[in-house]
Amino acid sequence: MGRYFGTDGFRGEANVVLTVEHAFKVGRFLGWYYGRDKKAKIVIGKDTRRSSYMYEYSLAAGLTASGADAYLLHVTTTPSVSYVIRTEEFDAGIMISASHNPFYDNGIKILNGRGEKMDAELESMIEDYIDGKTEELPLATGADIGRTVDFVMGRNRYIGYLISLATRSFKHMRVGLDCSNGSASSIAKNVFDALGAKTYVINNEPDGTNINMKCGSTHIEVLRDFVVKEGLDVGFAYDGDADRCIAVDHTGQIIDGDLILYVCGTYMKENGMLRNNTIVTTIMSNLGLYKALDAAEIQYEKTAVGDKYVYENMVTNRHSLGGEQSGHIIFSKHATTGDGILTSLKIMEVMLEKKMDLHTLASPVKIYPQLLKNVRVHSKPEARADEDVVAAIEAVAAELGDEGRILVRESGTEPVIRVMVEAASNDFCAKYVDQVIDVLVKKGHVI
């Protein structure tokens, strides 16, 4: 973790943690870095937060002041920025978004020339420049000053790309979309309408302050109630920048990232598309997923929490499918990031090709109850390494055996130890989580 950049960009409250001066300096550095021996081309997208416009112009000013040309996609999704970078030969890209955070937060995500999340080394260089630890960068002058280019056509090409991936018409399918009053509002309905679906859309009227507000993938109960009330075949909910998707089947059952990985993974295996017969997950995926994959004779790998780590594993080992419980699903044949709208199209493909509803497709996975509690501690390393705490964790693991699991890990951003248990019942989860927390309290680690 850097001083400003975390696992998913530079994020914080607008003009409190992340200021316009920060954005200007990010633009200045990127424009200089990629333009040292040529005229750099960098593309910018943004979500619907009120502050996104402010950062868009700050970044563009910094880029052009350093001599780079800034191409503006305007309101669009993170995966569309990644797609445009890869297909239009940009040097890098920037997405202005705080993903699923409330509207008053914002963030700057930087993508490299392959449309992947930027490596930590370059982010560290940007941090040094922001903090004044490096020499001031030269300003472009005369004809070398950069320009801004309206590039909404890039977003349109991405829409066309998504439509081209569908294997069948969606005619006669009744589909609900919750666009979270975010980036998907400008894209998702266009895609489903073009493919012939009867599309029912909610939360697609962004006003700058209602992004993620009691809607989208983090408030899936809104879409669940809508799908059941309207008698729809399926529903898809996105987050603020539409890089994740959570689905709802026709009965109202929530189909999270784990279930999506199972549905798409088993289909890909049946059709010879699951490279290495392996799905990449994170350590937070549910035990029920692993048991279902074992039954389907599909292998899996586990990474640290974060779609960045999932993608790194996929690239290193040439796997074709991976993702997180939260709905970041990566199909490496088509994208280098999680893509919520692409994920919903892939689910539709499985439903249509197999002529089965999503409830039936996901039914082999029996999700285990899961409880996660966060405990604020004086020192994360000391608390996690305490011999009595370790012994308590091992005792719970032994009692759970093959019918559950315990995971205790340090938060990457807060003074918090996270204690998670999966077990056969909610009562067992509570019992075992509290058993470990009691030891943390008794040993004086808890604030």
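1. Asp307 counts as buried, because its relative accessibility is 9% (buried means under 20% relative accessible area, exposed over 50%, partly exposed in between, with a 1.4 Å probe and protein chains only). Asp307 forms a salt bridge with Lys117, and the closest N and O atoms are 2.9 Å apart (a salt bridge is a side-chain nitrogen of Lys or Arg within 4 Å of a carboxyl oxygen of Asp or Glu). This pair links distant parts of the chain, 190 residues apart: Asp307 is in helix H10 (residues 307-317), and Lys117 is in the loop between strand S6 (105-111) and helix H4 (120-130). Lys117, at 22% relative accessibility, counts as partly exposed. Helices (H or I, at least four residues) and strands (E, at least two) are DSSP runs, numbered from the N terminus.

2. A note on the source. The model is predicted, so local features need pLDDT of at least 70 and side-chain atom pairs count only at pLDDT 80 or more, while totals for chains, interfaces and linings use all residues. Residues are numbered from 1 along each chain as its sequence is written, and side-chain values use heavy atoms, with hydrogens and water left out.

3. How many salt bridges does the structure hold? There are 23. One of them joins Lys46 to Glu56, with the closest N and O atoms 2.9 Å apart. Lys46 lies in strand S3 (residues 41-46) and Glu56 in helix H2 (residues 50-65), 10 residues apart. Both Lys46 and Glu56 are buried.

4. Arg405 and Glu422 also meet through their side chains in a salt bridge, at 3.0 Å from N to O. Here strand S18 (residues 405-410) supplies Arg405 and strand S19 (residues 416-422) supplies Glu422, the two being 17 residues apart. Arg405 is buried, because its relative accessible area is 15%; Glu422 counts as buried at 0% relative accessibility.

5. Which residues of H4 are buried? They are Leu122, Glu123, Ile126, Glu127, Tyr129 and Ile130. Seen down the axis of H4, these buried residues fall within an arc of 160 degrees, so they line one face of the helix (the arc is that of the directions from the helix axis to the C-beta atoms). The exposed residues Ala120 and Glu121 are on the face of H4 turned away from its buried side. The cover over the buried residues of H4 includes strand S1 (5-6), strand S2 (9-13), helix H1 (20-34) and S6.

6. Strand S8 (residues 174-178) pairs with S9 in the parallel sense over 5 bridges (two strands pair if DSSP finds at least two bridges between them). Val175 has Thr199 in S9 as its bridge partner. Strand S9 (residues 198-202) is mostly covered, with 4 of its 5 residues buried. Together with helix H6 (residues 188-194), S8 and S9 make a right-handed β-α-β unit.

7. The largest nonpolar core has 67 residues (a nonpolar core is a set of buried Ala, Val, Leu, Ile, Met, Phe, Trp, Tyr and Cys residues joined through side-chain atoms within 4.5 Å). Val175, Leu177 and Phe192 are among the residues with the most contacts inside this core. Beyond its neighbours within four places in sequence, Leu177 is in contact with residues including Phe192, Thr199, Val201 and Phe236 (contact means heavy atoms within 4.5 Å). Another core, of 30 residues, lies apart from the largest one and includes Phe29, Ile44, Ala68 and Ile108.

Notes
Right-handed = clockwise from strand over helix to strand, strands pointing away.
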